[in-house]
Amino acid sequence: MNVIRVLAGRGAGPTALAAYDAALASVALHDYNLLGVSSVVPPDARVEPAETAPDLGPAGNRLTVVEARSTLAPGERGPACAAIGWATPRAGAGVIYEGSGTDPGTTREEVREGLEAARDLRSDRDWAGGEAGLELSTAEAHPERYVVAVALAAFGRSEPIG
């Protein structure tokens, strides 16, 4: 069975990209080349929240993710918020939805509403017997640094590029 790890991180830096790198480092994903995909959980996968990613392979490998990201420039009002939510039915493929913004409640609600719409589109599945969850990351605004909140669903292990 494949494992999809849901991670929530935050970082700060002198540039937006440096803050993003720091946010990825906070969940141990900064040494992978991230490949974004749409939001389908394969039928044979298990979704589980994690504080940080375990070793998923050599640095520089490609890692498949669904990602939410929110960035604030120095002095902007925040917080930066990023969320990943998931729902898996009793059997069959599930869904992952992502959202971002500057209000934690609004960001959570955006993801919840997306998941509800996704389940409605897939009414042939028994959602009542499955699992669901949501992870939110927030990064407080800073007067002199960029801040980034990330929420990622990392699929399995990394793979070599090329």
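Modeller: Start with residue classes: Ala, Val, Leu, Ile, Met, Phe, Trp, Tyr, Cys and Pro count as nonpolar, Asp, Glu, Lys and Arg as charged, and the others, Gly among them, as polar. By that scheme the lining of the largest pocket holds eight nonpolar, three polar and three charged residues. This is a predicted model, in which local features need pLDDT of at least 70 and side-chain atom pairs count only at pLDDT 80 or more, while totals for chains, interfaces and linings use all residues. Residues are numbered from 1 along each chain as its sequence is written, and side-chain values use heavy atoms, with hydrogens and water left out.

Biologist: What volume does the largest pocket have, and which residues lie nearest its centre?

Modeller: Rolling a probe the size of a water molecule over the atoms shows where empty space is left. On a 1 Å grid over the protein atoms alone, a pocket is an open set of points with protein on both sides within 12 Å along at least five of seven lines, whereas a cavity is a set where a 1.4 Å probe fits but cannot get out; lining residues have an atom within 4 Å of a point. Grid points are joined across faces, edges and corners, and the volume is the space filled by probe spheres set on the points. Here the largest pocket comes to about 170 Å³. Of its 14 lining residues, P43, A45, R46, T88 and P89 lie nearest the centre. Strand 4 (residues 45–49) gives the most to this lining, three residues.

Biologist: In what order do the four strands of the open sheet lie?

Modeller: Strands of a sheet pair through backbone hydrogen bonds, either parallel or antiparallel. Strands (E, at least two residues) and helices (H or I, at least four) are DSSP runs numbered from the N terminus, and two strands pair if DSSP finds at least two bridges between them. The order is 3-7-6-8, with antiparallel pairing. Strand 3 and strand 8 (131–139) are the edges, each pairing on one side only. Helix 2 (residues 104–121) packs on the sheet and touches strand 6, strand 7 and strand 8. Between the directions of helix 2 and strand 7 the angle is about 155°; axes are lines fitted to C-alpha atoms, for helices over the stretch in contact, and angles run from 0 to 180 degrees between N-to-C directions.

Biologist: How many bridges join strand 6 to strand 7?

Modeller: Seven, with strand 6 (residues 80–88) antiparallel to strand 7; C81, for instance, stands opposite G101. Five residues separate the two strands in their hairpin, where G92 has a positive phi near 105°. Strand 3 (residues 40–41) pairs with strand 7 (residues 94–101) over two bridges: V40 partners V95 and V41 partners G94.

Biologist: Is T88 buried or exposed?

Modeller: Buried means under 20% relative accessible area, exposed over 50%, and partly exposed in between (1.4 Å probe, protein chains only). T88, in strand 6, is buried because its relative accessible area is 14%. Contact means heavy atoms within 4.5 Å. Beyond four places in sequence, T88 is in contact with V41, V47, G94, W127, G130 and E131. E110, found in helix 2, counts as partly exposed because its relative accessibility is 40%. With the same exclusion of sequence neighbours, E110 is in contact with E98, G99 and S100.

Biologist: Which peptide bond is cis?

Modeller: The bond from G78 to P79, with omega near 20°. P79 lies in the loop between strand 5 (62–72) and strand 6.
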